[in-house]
Amino acid sequence: MSISLSRRRALAFSLPAIIAILPFLGACFYIFRFSISAEKGVIDGYSIQPYIDLMTPFFGRSVWVTLKLAFVATICAMMLAVPLAFLLTSLKSPFARRCLTVTILLPLILNLLVQAYGWILLLGPSGVLNSTLRGLGIIERPIFLLFNEAGVLLGLIQTSLPLAVFPIVSSVRGLSQEHLEAASSLGASHWRTFFDVTVPLLRPGLVGAASIVFAFNASAFAIPLLLGGRRVQMMGVAIRDMISPLFNWSGAAAAGMILITLTLIVLVFSAWLVRVTSEKVRN
Amino acid sequence: MRVGLLPSENSSYRIIIWFLAIVGILVSSLPVIVVTLMSFSASSNTGFPPSEFSLRWYSEVIAMFTQEDASSAQSVVDSTVTSLLVAVLVMAISTLVCIPLAYALARGERRIREGMELLFTLPLVFPLVILGIAFLLIAESLRLEIGIWRIVIPHVALVIPFVLRNCIGAMQGISVETEEAAISLGASPLRAIWDVVIPLMRAGILAGLIFALIISFNEFTITFFMYTIDVSTLPIWMYSRTVSSLDPSTLALSVFIIFADVVLIVLVDKLIAGRANLF
Amino acid sequence: MMAGIMIRPTKEAAANMEKHTMDNTFSRRRLLATGAGMAATLAMPSIVRAQPLAGKEIRLLTWSDNTGLAILDHIAKPFEEKTGARVIADRTGSTSEMVAKLRAAGDRAQYDVITLAGVGAVELAGDGLLAKPDLNMLPNLKDVDPRFRTGADGHGIGYLLWTGGLIYNTKTFKEPPTSYAQMWDEAHKNRLFLPPATWTDALDTIFATGKLIGGDGTNSAEALAKLAELRNSILTFGENPAQLSELFRSDALDIGGVYAPAFYAAELNDPANSNMGATYDVDEGFFADLMYTITPKSKPGDDETVHAFIDYTLDAEVQGIMAEAVLNGPVNQKAVMSEAAKASPFIIKPEQMGEKAIVHDKSFIAEVREDWITQYTQTLS
């Protein structure tokens, strides 16, 4: 006997969630409808002009910067998240575990403006780092870590780190000990075990986490405003500017649709990647 | 013991894993540490690190909450209460709808599951600014008078991706056999889910709850469009403060908010998880 | 020094002052500076007059910056004490965010009175969302400089002048800079800030650059080409005034503009710690923008209270206090100001609005706005 879920029950189980997300789907449709509106400030008539207006080199660069920064930030966040997840699952003391969990969640909690202020005090042109390095005679001119792509990258990594760590933690918990033990009893080095056993086993969780992080970063707008000093034109910033003060709401909707489409392509691709690779692992 | 993840003997692997983990901790916590130190500063405009320490800014924060005058401005107390209420509603609703969905997806067909997962990830993908204005325009054109639900409804959509992912992750560890065993002992399928599956999902559910709570409690962008003069939240209140000045009392208030979040996390952890806690 | 001119406040006023101090760290300093005016306005009404609007309520939307805060402290609260009406204030947003929210709300406005920049008033009036206040119900208007009484086709009542000039580092500049040309100086590379594209100040910056290179200010193409030279010199755009203040304090910025000294009333009083100075005395001129109070057609509150509030914003004493608190230029010619405020180079009085003051023609700005904002963004980031 196996548990097979009848269609009807599956539907009944899914229904509450679908109802809960219905207003959101309405909003999605609304945005789509706005993006093909002939008027900029209200929905009226049909036109693909909002999309045509976006076909400029400037917007193209903005798309490129967005994808590039979101991608690099995702890779970096993953490189920090995996060790953090390992550490979190290895800690034995519940108190230490709690402290680490809260620490990792901090970027989600603290007001971004205040966090940006903290970073300015540390990494600003006259911040702790620059004045220390200058005091030690290592540098003559301040190094600029904020108000450019480096600053945005740092902010993206920081704010998306918690989103990466926790899905990986649950994957790590699900790791079969036998695999790891078998590998280490065969005398494989730690690195060999990591790359040949751990990573392939974790891959679905890793790709899942990475796709969340990527989506989150691609739509960021507060970070480029605050830590990028508005000099890094990510799409989120462009969309915000179109909403106010340009009041080009149809253009904002069109830019939003483009961003969503690009992100979805990445997500679908990564889901496909998981399927292909997990089938390979199973074989 | 976990083999291979964090070995105890010295090796390049161990050093690098530890190094990256520490970098991760620093990236997460450095701004908070700086801000916390500054909030104990004795003066209002010295650099970092502060030369003298005092609790004066904290007494201002306490005054803000206790001596709130009845007149004008959004009160910080009202905003905090609204924020808490919204966060608890969002947490409860999103978890209640996500548990059955996670079960259905985990036991259902893979193709449907992938499609649904993508559908429920959508809120994460949308740029929040455009989502905010869309929600506002819809609410206004439908002439909705729904009070606090103006904020709760968009928040639920926003946290569902996180809650669902955590619940699905928890379901993956639960084998069909466990459930079958319960059914073969005479339990109805629903009973088996309630008695066997849900307790096993607890860690995932809890993680989802906490994410929902934190994200909703601290959400700014969509709330900025949806709040009204009567229904406003703490992040909105905080925003108007930080624009005018980043003085140490604002920092002290931030530290206070972090503290409130941590208390909430611990509370949920204790209430729901009992002794078998998640963290 | 201030104690000499301070009138001893009544107990109630003293209690109020205490509250203000609790509410805002900068208030203490501000109160000392404005002691006389404050004490007088706070002490008088509750003793002398009855409360004609007791039980009434108005909903006010104002800026999130410190001008908004000052409006609460120095207009809303004394108004409540004087009239007995209750002011529920929402202090969130910039002018363009307000316009976005009001547009979305359409004919279901949740506010009675909104304070915002001229451009916003013109746009909302154009949408047909605003009511025209009854000027006969605004007795204080007769003392207002005729140039600044109304705007946006009668929908907006002028109530203060928002002025923009150059902000500079007092450590770097022993004497205030006298031209926007200073921003192009190699010495200030990476120590320069510009206003964000989304602010009217960005349009002013284009205009000032146009004048700098010899045009009349409307020569935007050449001006933007000149501004493009700054692309790699900019440290940041001044999206957040508090952030800029920290960057000046830590000596990371030298100069920037066009920007409003109004954000930095406290800092400009204390250059030793803040390193901040500001000047309007620039060859190419400074910028003045009339801020309005407006009222939506579909406001929830009643006419009498709304007009009483708008009239109160024009009160000679209130105008004087606001000028001192946040360096706004008063529009009331009889504004009561202390000697210090009268002498303050940061407060522009109506009579100083001579040749150097550039007040944009609102219809010109409305025409070029979208184009200039877009080009400014594309040129500089």
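I start in chain C, where strand 1 (residues 57–61) and strand 3 (residues 113–117) run parallel and pair over 2 bridges. Strands here, like helices, are DSSP runs numbered from the N terminus, with at least two residues (E) for a strand and at least four (H or I) for a helix. Two strands pair if DSSP finds at least two bridges between them. In this pairing, C:Leu61 sits opposite C:Ile114 of strand 3 of chain C.

Before going on, the source. This is a predicted model, in which local features need pLDDT of at least 70 and side-chain atom pairs count only at pLDDT 80 or more, while totals for chains, interfaces and linings use all residues. Residues are numbered from 1 along each chain as its sequence is written, and chains are lettered from A and ligands numbered from 1 in the order in which they are written.

Back to strand 1 of chain C. It also pairs with strand 2 of chain C, in the parallel sense and over 5 bridges. C:Leu60 stands opposite C:Ala89 of strand 2 of chain C, and C:Arg59 has C:Ile88 as its bridge partner there. How does the chain get from strand 1 to strand 2 of chain C? The path goes through helix 3 of chain C, and this β-α-β crossover is right-handed. Right-handed is meant as follows: with the strands pointing away from the viewer, the path from the first strand over the helix to the second runs clockwise.

Strand 1 of chain C is mostly covered, with 4 of its 5 residues buried. A residue is buried if 20 or more other C-beta atoms lie within 10 Å of its own, exposed if 12 or fewer, and partly exposed in between, with C-beta atoms placed from the backbone. Helix 8 of chain C is mostly covered as well, with 8 of its 9 residues buried; among them are C:Gln243, C:Glu246 and C:Phe248. Just after helix 8 of chain C, C:Asp251 has a positive phi of about 60°.

For chain C as a whole, there are 14 helices and 12 strands. Of its 381 residues, 59% count as buried.

Now the contact between chains C and B. Chain C gives 33 residues and chain B gives 28. In contact means that the C-beta atoms of two residues, placed from the backbone, lie within 7 Å. Which element of chain C gives the largest share of the side that touches chain B? That is helix 3 of chain C, with 6 residues. By class, this side of chain C has 12 nonpolar, 10 polar and 11 charged residues. Ala, Val, Leu, Ile, Met, Phe, Trp, Tyr, Cys and Pro count as nonpolar, Asp, Glu, Lys and Arg as charged, and the others, Gly among them, as polar.

One helix pair crosses from chain B to chain C. The axes of helix 6 of chain B and helix 4 of chain C come within 8 Å and cross at roughly 35°. The axes are lines fitted to C-alpha atoms, for helices over the stretch in contact, and angles run from 0 to 180 degrees between N-to-C directions. From helix 6 of chain B, the residues B:Ile133, B:Leu136, B:Leu137 and B:Glu140 meet C:Ala100, C:Ala104 and C:Ala105 of helix 4 of chain C. This contact has 6 nonpolar, no polar and 1 charged residues.

B:Ile133 also touches A:Ile243, A:Trp249 and B:Phe225, among others.

Chains A and B meet through 87 residues of chain A and 81 of chain B. Helix 1 (residues 7–35) of chain A gives the largest share of the chain A side, 14 residues. That side has 61 nonpolar, 22 polar and 4 charged residues.

Last, the backbone. Most residues other than glycine have a negative phi, and most peptide bonds are trans. The bond from A:Ser244 to A:Pro245 is cis, with omega near 15°, and A:Pro245 lies in the loop between helix 11 (235–243) and helix 12 (249–282) of chain A. Another cis peptide bond joins C:Gly257 and C:Val258, with omega about 0°; C:Val258 belongs to strand 8 (residues 255–259) of chain C. B:Arg143 has a positive phi, near 55°. Is B:Arg143 buried or exposed? B:Arg143 counts as exposed because it has 9 C-beta neighbours inside 10 Å.

Notes
Lists of a residue's contacts leave out its neighbours within four places in sequence.
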